[in-house]
Amino acid sequence: MNDNTVAFIGAGNMARCIIAAMVNNGYPSNNIIAANRSQPKLTALADDYAIQTTLDNISAVQQADIIVLAVKPQMMQQLCETLITAVPEIADKLFVTIAAGIPVSRYKDWLGNVRIVRSMPNTPSLVSLGVTGLYATDCSNYEKSFVDHMFSGTGLNVWLDAEAKIDHVIAVTGSSPAYFFFFMQAMQQVAEELGFDAAEAKKMVAQTALGAATMALDSEHSFADLRAQVTSKGGTTHEAVTTFANQGLEKMVSDAMYAAINRAKEMAQSF
Ligand SMILES: NC(=O)C1=CN([C@@H]2O[C@H](COP(=O)(O)OP(=O)(O)OC[C@H]3O[C@@H](n4cnc5c(N)ncnc54)[C@H](O)[C@@H]3O)[C@@H](O)[C@H]2O)C=CC1
Ligand SMILES: O=C(O)[C@@H]1CCC=N1
C-alpha cells in the first residue's frame with residue numbers, strides 16, 4: 001500500500017498535520033508530494049518530512065495515484081475545474097477531500113463521476129491523537145483500505161455510513177480542538193492573573209487537560225463519574241462546577257456544536 005503516490009493540493013495547517021502523521025507512521029516520504037501556490041510552507045514541509053514539493057498542481061496530480069484536496073472550501077471549485085481541464089484523465093484517480101461543507105455531489109459536478117472519500121480530520125493528527133471521520137462513495141474495498149491506512153497514523157478513524165454525518169463529525173471532533181483551546185486559554189488567563197507566568201500557566205493547564213483526557217480514555221467510568229471523583233461534598237470543585245452549571249455551560253456547548261453543524265449545512269448550500 002505504501003507504493004501509492006499521494007499528492008496534497010494545498011499545503012496548509014491540515015495537510016501538514018496529515019503528512020506528519022503519515023511520515024511518522026512509516027509512509028515513505030518520497031511517495032508524498034505537496035503542492036501549494038506559494039513556497040514557504042513547501043520548504044518547511046520538505047525540511048521537516050523530506051517529502052517532494054512543487055508549486056505546480058498539475059505536475060503533482062500527474063505523478064499521483066491519490067489526490068488529497070486540501071485547500072479552503074472557497075478555493076475548491078476553481079481548483080477542481082483547473083485540474084480537470086489540464087488533466088482530463090485525473091478523474092480516474094482516487095480523490096480524498098478534507099474540506100468542510102462541500103458535498104460529494106459538487107465534486108462530481110466539477111470533476112465528473114469520480115471516486116471520492118470525504119474526510120474530516122482534526123489538527124491533533126499532528127501528534128497522532130486525531131480523530132478522522134471518513135465517508136466513501138463508489139470506492140473499491142482496496143481504495144477504502146488504502147485511505148484507512150493513510151489516515152491510520154493520525155489517530156482514530158471513524159467510517160460513516162451517511163454523508164450527513166460528516167457535519168456531525170465537524171461539530172464533535174473537527175472543530176472541537178478549538179473549543180478545548182478556548183477553554184484552556186481562559187484558564188491560562190486566570191492562572192496568569194493569579195501570578196503564574198505565561199509559560200508555567202500554559203503548561204499547568206495543558207498538563208491537566210492531558211491528564212484528564214488520558215484518565216477518561218483509560219477508564220471505564222463516564223465523564224460524569226470522573227467529575228464526581230474530583231468533587232468533594234461542600235468543597236472547592238463543587239463551587240466551580242456549580243458556577244459553570246448555573247451559567248449554562250451545557251446549553252452553551254450544545255448551541256456551539258449545533259452552530260458548527262448549521263454552518264456546515266449553510267456552506268453546502270452555497271457551493
Ligand atoms: N484546520 C482544521 O482544523 C481543519 C481544516 N479542514 C479543512 O481543511 C482544508 C484546509 O484548511 P487549512 O489547512 O486549515 O487551511 P490553510 O489555509 O492552512 O491551507 C490551505 C492551503 O492551500 C493553499 N492553496 C490555496 N489555493 C490553492 C491552489 N489553487 N493550489 C494550491 N494551493 C492552494 C494555500 O496557500 C494554503 O497553504 C479546508 O477545506 C478545511 O475545511 C478540515 C478539518 C480540520
Ligand atoms: O473551521 C473550519 O471550517 C474547519 C473545519 C473543521 C475545522 N476547521
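**A close look at N57**

Modeller: Leaving aside residues up to four places away in sequence, N57 touches I9, A35 and L83. Touching, or contact, here means that the C-beta atoms of two residues, placed from the backbone, lie within 7 Å. Keep in mind that this is a predicted model: local features need pLDDT of at least 70 and side-chain atom pairs count only at pLDDT 80 or more, while totals for chains, interfaces and linings use all residues. Residues are numbered from 1 along each chain as its sequence is written, and chains are lettered from A and ligands numbered from 1 in the order in which they are written.

So is N57 buried or exposed? It's buried, because 21 other C-beta atoms lie within 10 Å (20 or more others within 10 Å count as buried, 12 or fewer as exposed, and anything in between as partly exposed, with C-beta atoms placed from the backbone). N57 sits in helix α3, residues 57-63. Helices are DSSP runs of H or I with at least four residues, strands are runs of E with at least two, and both are numbered from the N terminus. An unreviewed UniProt entry gives N57 the feature "binding site"; UniProt positions use the numbering here, feature names are shortened, and annotations may be inferred rather than shown by experiment.

Now for the sheet. It's an open one of 8 strands, in the order β3-β2-β1-β4-β5-β6-β7-β8, with mixed pairing. At its edges stand β3 (52-54) and β8 (155-159); each has a single partner strand, so one side of each lacks a neighbour in the sheet. From one strand to the next, the twist averages 20°. Strands β2 (residues 32-35) and β3 run parallel, joined by 3 bridges (pairing takes at least two DSSP bridges). Within that pair, A34 stands opposite T53 of β3. Helix α7 (residues 165-174) packs on the sheet, touching β6 (115-120), β7 (130-137) and β8, and its direction makes about 175° with that of β7. For such angles, axes are lines fitted to C-alpha atoms, for helices over the stretch in contact, and angles run from 0 to 180 degrees between N-to-C directions.

Last, the record again: the unreviewed UniProt entry lists residues 5-101 as "domain: Pyrroline-5-carboxylate reductase catalytic N-terminal". Over residues 5-101 the chain is 44% helix and 20% strand, with the end C-alpha atoms 26 Å apart.
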